[in-house]
Amino acid sequence: MIVLQKVSSSKFLTIIDMKKASMFPQCDHCPVFRETLFRNCPANVVEDNIKEKAYYTVPRGKLLFMEGEIACGVYCISSGFFKLRKKGEKGRIHTFDLAKAGSLLGTHGIMSRDSRFSVTAVALKNSHVCFLPKVSFLRLIHKFPDFSFQMMDHLCSQIKYMENRTENIYKMSHEQRFAGTLYLLAKRLGWKEQDILDFNLPKKDLAELSGVGEKTISRIIGKIRENGKFRNMAKETGILDWDWFRFCCL
Amino acid sequence: MTKKFDTPLCEVCESRVGSIFSSLGKDALEEMSMQKNCNFYKRGQTIFYEGNRSSGLYCVFQGKIKVFKLGDEGRDQIVRLAKKGDILGYRALISGEVYSASAAAIEDCMICFISRSLFLEYLERFPQMTMKVMRLFSLDLKKAESRLTDLTQKPVRERMAEAICMIKETFGVDKEGNIDANLTRQEFANIIGTTTETAIRFLSNFKKEKLIDMNGRKIRILDQGALLREANLWD
């Protein structure tokens, strides 16, 4: 097994506190393989081509990779959730996306000319990831034209998502932006049961995702909770008024 | 609205250096020259419309183009500016979706058009070209991420200073030292996501502070370092 270079680098030792998992999962036994970008390639072929793969546990709140760091490879989320964030001016953090199991992180970092990650990935709960070295990943792209098209399609959809969010911030009210964030949570992280989101984010993250201040988010939550459109309790977030939600997001 | 003129040849095109076609051999380029078209667009003319299906790739041979999303009450949002050598419409082409934005000529342009089937065939035949397209996507994604973060965090003044620097970087300067782009105040506002009135106010402030000089649509940067500091960018 290849040991991550960046883990051995003292600069990043404090950032990543990953533990090697006792079980080393194979792609053909991976429960989320069908949700990954590799789904159109035979699992055994992927496994054969990425022999140098590594598997790690990332504890909640720890960084998987950091903005500006050299991208040695990509990370395939086996289980758990991550938030993707970027440092803005004067050190302010902006969370702009969420990723769940099956997502591939860091793809555009290895593709770019400077080979650096443009965002930071932070685990929202204890998560497991497979690390695929850059060389192996690029070999897969060269070998399988279908996979390269899949990759391009993935990058296209990511750009479209970013542009849509930019457009929303540009023309939507704060309340609509918050509804858009709930929609993103539902889409990215899924539902626990009917109308209840599978994951509850702190107000700080909701504010960062919505592109508004924390105080504004508190005010919006208070207002729409009073109106009975939305439920926000200690451990769960639910949408009660779907008409309002659809009106804001769709 | 098209003029009759000779279609430029890919194998002798200066814009090819550094583009996604730079890795192609002479034979492949000659084949492309045979199969592509080239059109002339007048200033303001639309090249493609948001929501339409893509039938091919546009490669700018000459001129400047704005790519924008339609907004309410004429408040369009300019998402990108393209110049000589840039390609347009590649995302809709590869994803098979409709155009997410429209493109219009800022000045008179000559744009080559490569059909969808030919472009996809080249992507399959030349893996090096595929890698270059992916690099382009990665760059676009990085820009989109930065733009989103900027929009949520940067005040209008910083965004305006950044936009002026970005436009100069994209289009360069003419012989008199003015930024070589004929953008209206409304187009400036659409780039930074604000109203035309606010854009005018900040441009006037920069002029008063002697950071820039303005003569109609012509803008000249007087103090590049100060403007970069205003934009919170490194020189």
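**View 1. A:Val58 stands opposite A:Ser127, a residue of strand 9 of chain A.** This close-up, like the others here, comes from a predicted model. Strand 9 covers residues 127–133 of chain A, and strand 2 of chain A pairs with strand 9 in the antiparallel sense, over 5 bridges. Strands of a sheet pair through backbone hydrogen bonds, either parallel or antiparallel. Now look at how well strand 2 of chain A (residues 54–58) is covered: 5 of its 5 residues are buried. Which residues point which way? A:Ala54, A:Tyr56 and A:Val58 point one way from strand 2 of chain A, while A:Tyr55 and A:Thr57 point the other way.

**View 2. Ring pairs join A:Phe65, A:Tyr75, A:Phe117 and A:Phe131 into a cluster.** Over all chains, the structure holds 12 aromatic pairs. One of them is made by A:Phe65 and A:Tyr75, which are stacked, with 5.6 Å centre to centre and 20° between the planes. A:Phe65 sits in strand 3 of chain A (residues 63–65) and A:Tyr75 in strand 4 of chain A (residues 73–79), so this pair ties together parts that are 10 residues apart in sequence. Buried or exposed? Both A:Phe65 and A:Tyr75 are buried. A:Tyr75 also pairs with A:Phe117, this time tilted, at 6.4 Å centre to centre and 40° between the planes. Here the pair links distant parts of the chain: A:Tyr75 is in strand 4 of chain A, and A:Phe117 is in the loop between helix 4 (107–111) and strand 8 (120–123) of chain A, 42 residues apart.

**View 3. Helix 7 of chain A packs against helix 9 of chain A at an angle of about 85°.** Helix 7 spans residues 174–189 of chain A, helix 9 spans residues 214–226 of chain A, and their axes are 10 Å apart. That angle makes helix 7 of chain A roughly perpendicular to helix 9 of chain A. Who does the touching? From helix 7 of chain A come A:His174, A:Glu175 and A:Phe178, and from helix 9 of chain A come A:Thr216, A:Ile217, A:Ile220, A:Ile221, A:Lys223 and A:Ile224. Sort these contact residues by type and you get 5 nonpolar, 2 polar and 2 charged.

**View 4. Helix 7 of chain A also packs against helix 8 of chain A, at an angle of about 105°.** Their axes lie 9 Å apart. Helix 7 of chain A and helix 8 of chain A are therefore roughly perpendicular to each other. On the helix 7 side of chain A, look for A:Arg177, A:Phe178, A:Thr181, A:Leu184 and A:Leu185; they meet A:Leu206, A:Leu209 and A:Ser210 in helix 8 of chain A. By type, the residues in this contact of helix 7 with helix 8 of chain A are 5 nonpolar, 2 polar and 1 charged. An α-helix has 3.6 residues a turn, so residues three or four places apart point the same way. How much of helix 8 of chain A is buried? Helix 8 (residues 203–210) of chain A is mostly covered, with 6 of its 8 residues buried. The buried ones are A:Asp205, A:Leu206, A:Ala207, A:Glu208, A:Leu209 and A:Ser210. After helix 8 of chain A comes A:Gly211, with a positive phi near 75°.

**View 5. Over in chain B, 4 strands form an open sheet in the order 1-8-3-6, with antiparallel pairing.** Which are the edge strands? They are strand 1 (37–41) and strand 6 (87–88) of chain B, and each pairs on one side only. Strand 3 of chain B (residues 56–62) is joined to strand 6 of chain B by 2 bridges, and the two run antiparallel. Find B:Tyr58 and you'll see its bridge partner in strand 6 of chain B, B:Leu88. Helix 3 of chain B (residues 116–125) lies across strand 3 and strand 8 (109–115) of chain B, running at about 70° to strand 8 of chain B.

**View 6. B:Glu158 is found in helix 5 (residues 156–171) of chain B.** Why does B:Glu158 count as buried? Its relative accessibility is 9%, and buried means under 20%. B:Glu158 and B:Leu227 are 69 residues apart in sequence, yet 9.0 Å apart in space, C-alpha to C-alpha.

Conventions: Residues numbered from 1 in each chain as written. Chains lettered and ligands numbered in written order. Predicted model: local features only at pLDDT ≥ 70, side-chain atom pairs only at ≥ 80, totals over all residues. Heavy atoms only, no water. Pairing = 2+ DSSP bridges. Contact = heavy atoms within 4.5 Å. Axes fitted to C-alpha atoms, helices over the stretch in contact; angles between N-to-C directions. Parallel < 35°, antiparallel > 145°, perpendicular 65-115°, else oblique. Nonpolar A, V, L, I, M, F, W, Y, C, P; charged D, E, K, R; others polar. Phe/Tyr/Trp six-rings, centres within 6.5 Å; stacked < 30°, edge-to-face > 60°. Buried < 20%, exposed > 50% of the residue type's maximum accessible area, 1.4 Å probe, protein only.
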